[in-house]
Amino acid sequence: MKVLLVHNDYGKYSGEEAVVDKMATMLSEMGHSVAQLRMTTAGARESISGKIKGFVSGIYCPSGVRAMREAIEREKPDVVNVHNLYPFISPAALRECKKAGVPVVMTIHNFRLICPTGLFMRDGRPCELCLEKGNEWGCVRYNCEHSALKSIGYAARNAVARLKRHYADCVDTFACITDFQRQKLIKAGFPEERIIVIPNSVDAIENAESRPGDYVAFSGRISREKGVDMIMEVARRHPEISFRLAGAVRDKELVEDVPDNVELTGYLNARELAEFYANARFIVMASKWYEGFPMTILEAASYSKATIAPDHGGFTEIIGKGCDAIGELFTPGDSKSLELAIMKLWNDQTETLRLGSKAKQKLISHYSTKVIASMWNNLINKITTDATP
């Protein structure tokens, strides 16, 4: 089969781009032919004219629609796999797939179909107002993007796509990365029979030695929505525990008074990140928002490391509870609950190693490339068969 991957890259290389690139490799290794339609937002919003162009294009982008039409005519794909369409492709381009009779699978990385910002977050806490109201007015009312132009633009493009039914009419299958996402789409009115779950994938590191580790690790943006302020708070209460935080600093005020037992490593390359995971005792994630599918959990699991995470969103189903748990869950936004979870694993190395072993086992059985590739292969075969007259 020939698959056309469609994605509007973000300003900086992100986890979404990494997933799209991995998808291309995975499909090729499965024997499928892969073509790509890629646009980029990099540098496009640095000027007023660029911001205005992004505003308009998110609603309808003639060049993006034309690019989709030309890609379909040129590549003649059996199926189109859409990732991000904003702003320079636009949901209107999906109509070109419909006209050509090419089935579309859309990978749902976040909550953008039902939340203009895609985050389900406002004022540092989960927010589902637009889902509950069935419209996008809340994004404008509360200025969720902290910019009137952006908030109005994001709300407008979502409203137009919803009212014109670009997604509802033109996407054959919505491939969510967690069941949490799936349930939210169903609640929003998307047809349940067209929504499936195919998680992201990471392969376990072969022959990786399981060791207790010397510090509590965090990997991600150094920002409040990631709960880094709570991690810092716990670190201040426990100077006897070492913490290492890897990632770019987003909120500078968080690093103005860093405790002596906290090391900020900055951005790490692949080799450095591998050592970072291998030498950690366990990983902590304290996100105040739901997130999509945090790859950090799987990356840590590949080194037999457990993860502490908030009990909401996709975290709950990935970490699990009871005998199937691969880490510890804490009450979202509660630093005391986070502290208790950290202390429990820090003081019980036997339990930490056991959970780390369980994490690697779950990675292999549920999230390995072999498992996820099979799920995608089955879906592509099914959707193309169903589309055959």
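This section describes salt bridges in a predicted model. Local features require pLDDT of at least 70 and side-chain atom pairs count only at pLDDT 80 or more, whereas totals for chains, interfaces and linings use all residues. Residues are numbered from 1 along each chain as its sequence is written, and side-chain values use heavy atoms, with hydrogens and water left out.

A salt bridge was defined as a side-chain nitrogen of Lys or Arg within 4 Å of a carboxyl oxygen of Asp or Glu. Under this rule, 28 salt bridges were counted. Helices (H or I, at least four residues) and strands (E, at least two) are DSSP runs, numbered from the N terminus. Accessibility classes refer to relative accessible area: buried is under 20%, exposed over 50%, and partly exposed in between (1.4 Å probe, protein chains only).

D9 and R38 form a salt bridge with an N to O distance of 3.0 Å. This pair links distant parts of the chain, with D9 in strand β1 (residues 2–9) and R38 in strand β2 (residues 33–40), 29 residues apart. D9 is buried at 16%, whereas R38 is partly exposed at 28%.

Between R95 and D169 the N to O distance is 3.4 Å. R95 is partly exposed at 25%, and D169 is partly exposed at 28%.

R237 and E233 are paired at 2.3 Å, N to O. Both lie in helix α10 (residues 228–237), and they are separated by about one helical turn because they are four residues apart. Salt bridges also link R224, D229, E253 and K288 in a network.
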